Amino acid sequence: MSASDEPLSGEQPRSQPVGAGSPVGESMLHVLRFLAATLRAKAIVEVGTGTGASALWLLEGMVEGGVLTSIDADPVKQRTAREALREAGHPPGSARLITGRAAEVLPRLTDGGYDLVSVGAAGIDAPMYLELGRKLLRPGGVIVFNGVPSTPPSSRGALASALRDLIQAVREDEGLVPVSLPAGPGLLAAAKR
């Protein structure tokens, strides 16, 4: 246990979701849980299920009875995440895990039906996910991208170019209120007006 993971004086340690550190922190997972709770999220879309760690944190922040839709092209990751959710005690109906490419799945979801769209790792498809994810948000909903530095990357390459395009698109969209957060490798979040 590191110093930042120790309970406050006199406080008992709490059980933590998979991959969790301190219940108060500044990691990307803490921010996701905070956003889900602040938005009183009933419906969230997650692009990139991974092993289910972010899904656990998102579900922890959501209102009771909310549903997380998590998309990943890797069926092995989906199985791992499903097991992590089961082990954490989440009922099967709390998460809808969809195996497939997000670019094909997102357009089939309900426009304006989601409180939060979380893109697990901003990659070369990030500008497309902004366009697709923005349509899914209700007014006041938030889209968040993990792995976006606060300063646009100056390097060359497809990823750096895509991140610059994403940052520029968010800045120029008058229908979004953006913020850059220094959590993890950087988070870019934008609320839909």
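The largest pocket is lined by 21 residues, and Val47, Gly48, Ile71, Asp72 and Tyr129 lie nearest its centre. A pocket here is an open set of points on a 1 Å grid over the protein atoms alone where a 1.4 Å probe fits, with protein on both sides within 12 Å along at least five of seven lines; lining residues have an atom within 4 Å of a point. Two or more lining residues come from each of β1 (43–47), α2 (53–61), β2 (67–72) and α4 (102–105). Helices (H or I, at least four residues) and strands (E, at least two) are DSSP runs, numbered from the N terminus. By class, the lining has 9 nonpolar, 8 polar and 4 charged residues. Ala, Val, Leu, Ile, Met, Phe, Trp, Tyr, Cys and Pro count as nonpolar, Asp, Glu, Lys and Arg as charged, and the others, Gly among them, as polar.

This is a predicted model, in which local features need pLDDT of at least 70 and side-chain atom pairs 80 or more, while totals for chains, interfaces and linings use all residues. Residues are numbered from 1 along each chain, and side-chain values use heavy atoms, without hydrogens and water.

Two helix pairs follow, with axes fitted to C-alpha atoms over the stretch in contact and angles running from 0 to 180 degrees between N-to-C directions.

| Pair | Angle | Axis distance |
|---|---|---|
| α1 (28–38) and α2 | about 30° | 7 Å |
| α5 (126–136) and α6 (158–172) | about 30° | 8 Å |

Helices α1 and α2 are therefore roughly parallel (under 35 degrees), and so are α5 and α6. Residues of α1, including Leu29 and Arg33, meet residues of α2, including Trp57 and Leu58; contact means heavy atoms within 4.5 Å. In the other pair, Ala126, Pro127 and Leu130 of α5 meet Ala162, Asp165, Leu166, Ala169 and Val170 of α6.

Key. Angles under 35 degrees count as roughly parallel, over 145 as roughly antiparallel, 65 to 115 as roughly perpendicular and the rest as oblique.
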